[in-house]
Amino acid sequence: MLKRLSVLLPLVALVIAAPAGAQQPPIKIGAILPLTGSGASYGVWMKGGAEMAAEEINAAGGIGGRKLEVIYEDHAADASKAVNGMRRLVEVEKVPFTLTSYSAPTLAIQPIGAQNKVVMMNGGGQSDNLANKEYLYNNIPVVSNEVGVLADWLTKEKKFKAAVMIVANDEAGRNSAKSFREKFTADGGRVLAEEQVALDGNDFRAQLAKLKAAGGDLLFISSYGRNVAIIADQARELGITIPMAATSWVQIPEVLKAKGAEGLLTTRLPFNPDSPFARKFKERYKTDAGFFAVQYYSGTKIFAKAAEEAMKKTGGKLDGEGVKNAIESLKAFDTISGKLVFQANHAAVMDIEVGVLKNGKVEVEKVLKANP
C-alpha cells in the first residue's frame with residue numbers, strides 16, 4: 001500500500017500544480033510591413049490597423065479561445081529583407097498566415113508561402129502580377145483596375161491628350177506605368193516621354209527637366225512613398241505647371257502636405273476619415289488614419305473569421321491549408337468598409353473615387369461603383 005502511495009503522490013502533485021483552465025498557446029501570425037524607409041508612413045497605418053484588430057479579437061475571447069499574437073517584420077521596401085522576414089516567420093514562428101505589403105516584397109515571399117502552405121494577405125501592393133498566385137490573397141484591387149478608371153477620367157472627362165510619366169523603378173511603379181500607358185493611349189491619348197527614378201531617391205530634377213522639355217499637358221507620377229512629395233515640389237520648382245495625376249498610393253501625410261501636390265488629380269479607395277475607426281486610430285496613435293490602416297485592420301479580421309471557420313472543421317487544429325480552404329469557401333467578408341469579395345484571381349474589387357487634392361484632402365468628383 002505504501003509503495004502504491006509513493007507512486008501516486010507525485011502524480012497528484014502535478015495535477016494540483018497545473019491550473020484548472022490552463023491557457024492555450026496563442027495563435028501567431030506575421031505582418032511584413034514597411035516600418036522604416038521611404039514608406040514608413042504606410043507602415044504606421046498598416047501596423048496600427050493590425051494592432052487594433054488583434055486587440056479587439058482578443059478582447060472578444062480570441063480565436064477559438066486562443067489569443068492572437070502578431071509578429072512584425074520590417075521589409076523597408078526591400079524584397080530581400082521581406083524574404084528574410086518570411087523565412088523567420090515560417091521556419092521559427094511556424095505561422096499559418098501573414099499580412100504582407102508592397103508588390104515586389106510580396107512577389108518575393110509568395111513562393112515561400114506557397115511551398116510551406118502559409119496564407120498571405122496583401123492589403124497594399126497592387127501590381128497585376130499579384131493576382132492568380134497560390135496562397136496569396138489581395139484585399140485590394142490590382143492596379144490596372146484603378147489606373148484604368150483614372151485614365152478614363154483624365155481622357156474622357158478632363159480631356160488630356162499628351163502625357164509624360166515619372167516612374168519608380170520597381171515592380172509597382174513599372175506595372176502602374178504600363179497600365180497607364182496602355183489605357184491612356186487606348187483612350188486616344190499619347191505618352192510623349194518616360195523617366196525612371198529610384199524609390200528612395202531625393203533629387204529628381206534631371207529627370208523632371210527632360211520631361212518638361214518633352215512637353216505634354218499632364219504629368220503622371222507612377223510612384224509612392226515620400227518621394228512623391230519631393231517629385232511634386234521639385235516639378236513646380238522647375239516651372240512645370242501642367243497638372244499632375246497619380247493613384248491612391250500617394251495619399252500619405254508627406255504628399256498631402258506638399259505645396260507642389262496641390263491640385264493633384266487622383267483616385268481614392270473607400271475610406272471615411274470621420275468614421276469611429278478613424279477617430280479611435282487618431283486617439284491612440286496621435287495621427288490621422290488612412291486607407292491602409294483600414295486595410296490591415298480588415299486583413300487581420302478576415303484571418304480571424306477564416307481561422308474560426310477552419311478550426312470548426314478540424315476540432316481546433318489550425319494550419320495554412322485550412323485557412324486557405326476557409327477563404328475559398330467563404331469568399332465574401334463583412335468589413336468596416338463594406339462587403340469585400342475575393343474574385344477568382346484572388347484580388348478584391350472596390351469602389352474607386354476620382355477627385356482633386358485641395359488643402360490636404362481629396363475632393364471627390366465621381367465614384368465608380370465596383371462590379372463584383
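**View 1. Gln110 sits in helix α4.** Helix α4 covers residues 103–116. Helices here are DSSP runs of H or I with at least four residues, strands are runs of E with at least two, and both are numbered from the N terminus. The model is predicted, so local features need pLDDT of at least 70 and side-chain atom pairs count only at pLDDT 80 or more, while totals for chains, interfaces and linings use all residues. Residues are numbered from 1 along each chain as its sequence is written, and side-chain values use heavy atoms, with hydrogens and water left out. Is Gln110 buried or exposed? Gln110 counts as buried because its relative accessible area is 10%. The cut-offs are under 20% for buried and over 50% for exposed, with partly exposed in between (1.4 Å probe, protein chains only). Leaving aside residues up to four places away in sequence, Gln110 touches Met120, Lys133, Glu134 and Leu136. A contact means heavy atoms within 4.5 Å.

**View 2. Five strands make an open, parallel sheet.** The order is β2-β1-β3-β4-β5. Two strands pair if DSSP finds at least two bridges between them. At the edges stand β2 (68–74) and β5 (136–138). Each has a single partner strand, so one side of each has no neighbour in the sheet. Neighbouring strands are turned by 25 degrees against each other on average, direction ignored. Angles run from 0 to 180 degrees between N-to-C directions, and the axes are lines fitted to C-alpha atoms, for helices over the stretch in contact.

**View 3. Helices α2 and α11 lie against this sheet.** Strand β1 (residues 27–33) runs parallel to β2, joined by seven bridges. Ala31 stands opposite Tyr72 of β2. Helix α2 (residues 40–59) packs on the sheet and touches β1, β2 and β3 (97–100). The direction of α2 makes about 170 degrees with that of β2. Helix α11 (residues 291–314) lies across β1, β2, β3 and β4 (119–122). The angle of α11 to β3 is about 165 degrees.

View 4. Where is Ala76? Its place is the loop between β2 and α3 (79–92).

**View 5. Lys159 has a positive phi too.** The phi of Lys159 is about 65 degrees, although Lys159 is not a glycine. This residue lies in the loop between α5 (143–157) and β6. Lys159 counts as exposed because its relative accessibility is 54%.

**View 6. Seven strands form an open sheet with mixed pairing.** The order is β7-β6-β8-β9-β10-β13-β14. Strands β7 (190–197) and β14 (361–368) are the edges, and each pairs on one side only. From one strand to the next, the twist averages 25 degrees. Inside this sheet, β6 (residues 162–168) and β8 (residues 218–222) pair in the parallel sense over five bridges. Which residue of β8 is the bridge partner of Val164? The partner is Leu219. Helix α7 (residues 205–214) lies across β6, β7 and β8. Helix α7 runs at about 170 degrees to β7.

**View 7. Strands β11 and β12 form a hairpin.** Two residues lie between the strands. Strand β11 (residues 332–335) and strand β12 (residues 338–341) run antiparallel, joined by four bridges. Asp334 has Lys339 of β12 as its bridge partner.

**View 8. The structure holds one cavity of 30 Å³ or more.** Rolling a probe the size of a water molecule over the atoms shows where empty space is left. Here a cavity is a set of points, on a 1 Å grid over the protein atoms alone, where a 1.4 Å probe fits but cannot get out; lining residues have an atom within 4 Å of a point. The largest cavity holds about 110 Å³ of space. Volume is the space filled by probe spheres set on the points, which are joined across faces, edges and corners. The lining includes Tyr42, Met46, Tyr102, Tyr224, Trp249 and Phe292. Gly124, Gly125 and Gln126 are also among the lining residues. By class, seven lining residues are nonpolar, four are polar and none is charged. Nonpolar means Ala, Val, Leu, Ile, Met, Phe, Trp, Tyr, Cys and Pro; charged means Asp, Glu, Lys and Arg; the others, Gly among them, are polar.

**View 9. The whole protein has twelve helices and 14 strands.** The C-alpha trace spans about 100 × 40 × 40 Å along its principal axes. Of the 372 residues, 53% count as buried. Among contacts between residues at least 6 apart in sequence, 66% join residues at least 24 apart.

Terms used
1 Å grid on protein atoms, 1.4 Å probe; cavity = no way out; pocket = protein on both sides within 12 Å on 5 of 7 lines; lining within 4 Å.
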